[in-house]
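Student: Could you walk me through how to read a model like this, feature by feature?
Tutor: Gladly; let us look at it together.

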Amino acid sequence: MINRVVLIGRLTRDVELRYTQSGTAVGTFSLAVNRQFTNQAGEREADFINAVIWRKAAENFANFTGKGALVAVEGRLQTRNYENNQGQRVYVTEVVVDNFSLLESRAESDKRRAQNGTSEPSNNGGGFSAPSDNSFSGVDPFASANQNSNTQSTATNEAANPFAASGKTEIDISDDDLPF
């Protein structure tokens with residue numbers, strides 16, 4: 001059986017980051033995802049989808065995103081229920097996020113905040129500042145402490161890249177090379 005969800009949308013609010021009694025981080029948020037069609041008025045409607053993310057990924061997601069951020073999330077759909085204070089059964093359907101991608105640069109995020117009148121700086125948790133062009137100047141902010149494995153993986157990536165040593169900025173591709 002398959003239960004996979006992939007969504008691309010904008011955060012409707014900042015991620016609400018909390019911690020369980022055992023110290024596990026959990027973040028909840030809602031994504032506004034545009035529908036593929038327009039309504040009778042010619043406007044594109046959106047669905048608002050609740051999601052939850054756990055552990056270190058939750059902390060990173062909360063630190064590097066904010067209201068309005070364009071993100072992609074991947075996970076599974078989950079339905080749960082509980083009894084509220086009035087004794088009513090409440091059903092909740094949400095995406096449990098396994099993986100996420102930030103789809104806009106920090107500069108775009110800051111520009112959008114400025115246009116919306118929000119003057120707060122990007123929430124970068126711990127002082128890490130990602131450059132606006134998404135280049136990390138050879139520094140991986142999420143790298144493990146094992147420098148040897150990082151050096152080996154960099155060397156492997158460079159060896160696997162057939163265009164790394166050519167020095168060319170353009171690649172000649174004929175129509176016969178295209179798969180479509």
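Student: Where is the place of T28?
Tutor: T28 sits in strand β3, which covers residues 25–38. Keep in mind that we are reading a predicted model.

Student: Is T28 buried or exposed?
Tutor: The idea is to compare the relative accessible area with a cut-off: under 20% means buried. T28 has 17% relative accessibility, so T28 counts as buried.

Student: Leaving aside neighbours within four places in sequence, which residues is T28 in contact with?
Tutor: With those neighbours set aside, the contacts of T28 are R13, V15, E16, R18, A51 and V52.

Student: What should I keep in mind about side chains in a strand?
Tutor: In a regular strand, side chains alternate between the two faces of the sheet.

Student: In which sense do strand β1 and β3 pair?
Tutor: Strand β1 (residues 5–11) pairs with β3 in the antiparallel sense, over 2 bridges. To find your place there, look at R10, which stands opposite A32 in β3.

Student: Over how many bridges do β2 and β3 pair?
Tutor: Strand β2 (residues 16–19) and β3 pair over 4 bridges, in the antiparallel sense. Y19 has A25 in β3 as its bridge partner. β2 and β3 form a hairpin with 5 residues between the strands, and G23 in this hairpin takes a positive phi near 95 degrees.

Student: And over how many bridges do β3 and strand β4 pair?
Tutor: β3 and strand β4 (residues 44–54) pair over 10 bridges, in the antiparallel sense. In that pairing, F29 stands opposite A51 in β4. β3 and β4 also form a hairpin, with 5 residues between them. In its turn, G42 has a positive phi of about 85 degrees.

Student: Let us turn to the rings. How many aromatic pairs does the count come to?
Tutor: The count comes to 2 aromatic pairs. For the geometry, look at the angle between the ring planes: under 30 degrees is stacked, over 60 is edge-to-face, and the rest is tilted. The ring centres of F29 and F61 are 4.7 Å apart and their planes are at 40 degrees, so this pair is tilted. F29 is in strand β3 and F61 in helix α1 (residues 55–64), so the pair links distant parts of the chain, 32 residues apart.

Student: Are F29 and F61 buried or exposed?
Tutor: F29 is buried, with a relative accessible area of 1%. F61 is buried too, with a relative accessible area of 0%.

Student: What kind of aromatic pair do F61 and F100 form?
Tutor: F61 and F100 form an edge-to-face pair, with 4.8 Å from centre to centre and 70 degrees between the planes. F61 lies in helix α1 and F100 in strand β6 (residues 89–102), so this pair ties together parts that are 39 residues apart in sequence. Together, F29, F61 and F100 form one aromatic cluster.

Student: How many salt bridges does a search of the whole structure find?
Tutor: The search finds 9 salt bridges. One of them joins R35 and D47, whose closest N and O atoms are 2.7 Å apart. R35 lies in strand β3 and D47 in strand β4, so the pair ties together parts that are 12 residues apart in sequence. R35 is partly exposed at a relative accessible area of 27%, and D47 is partly exposed at 30%.

Student: Which residue does E94 meet in a salt bridge?
Tutor: The side chain of E94 meets that of R80, at 2.8 Å from N to O. E94 lies in strand β6 and R80 in strand β5 (residues 70–83), so the pair ties together parts 14 residues apart in sequence. E94 is buried, with a relative accessible area of 7%, whereas R80 is partly exposed at 37%.

Terms used
Residues numbered from 1 in each chain as written. Predicted model: local features only at pLDDT ≥ 70, side-chain atom pairs only at ≥ 80, totals over all residues. Heavy atoms only, no water. Buried < 20%, exposed > 50% of the residue type's maximum accessible area, 1.4 Å probe, protein only. Contact = heavy atoms within 4.5 Å. Pairing = 2+ DSSP bridges. Phe/Tyr/Trp six-rings, centres within 6.5 Å; stacked < 30°, edge-to-face > 60°. Salt bridge = Lys/Arg side-chain N within 4 Å of Asp/Glu carboxyl O.
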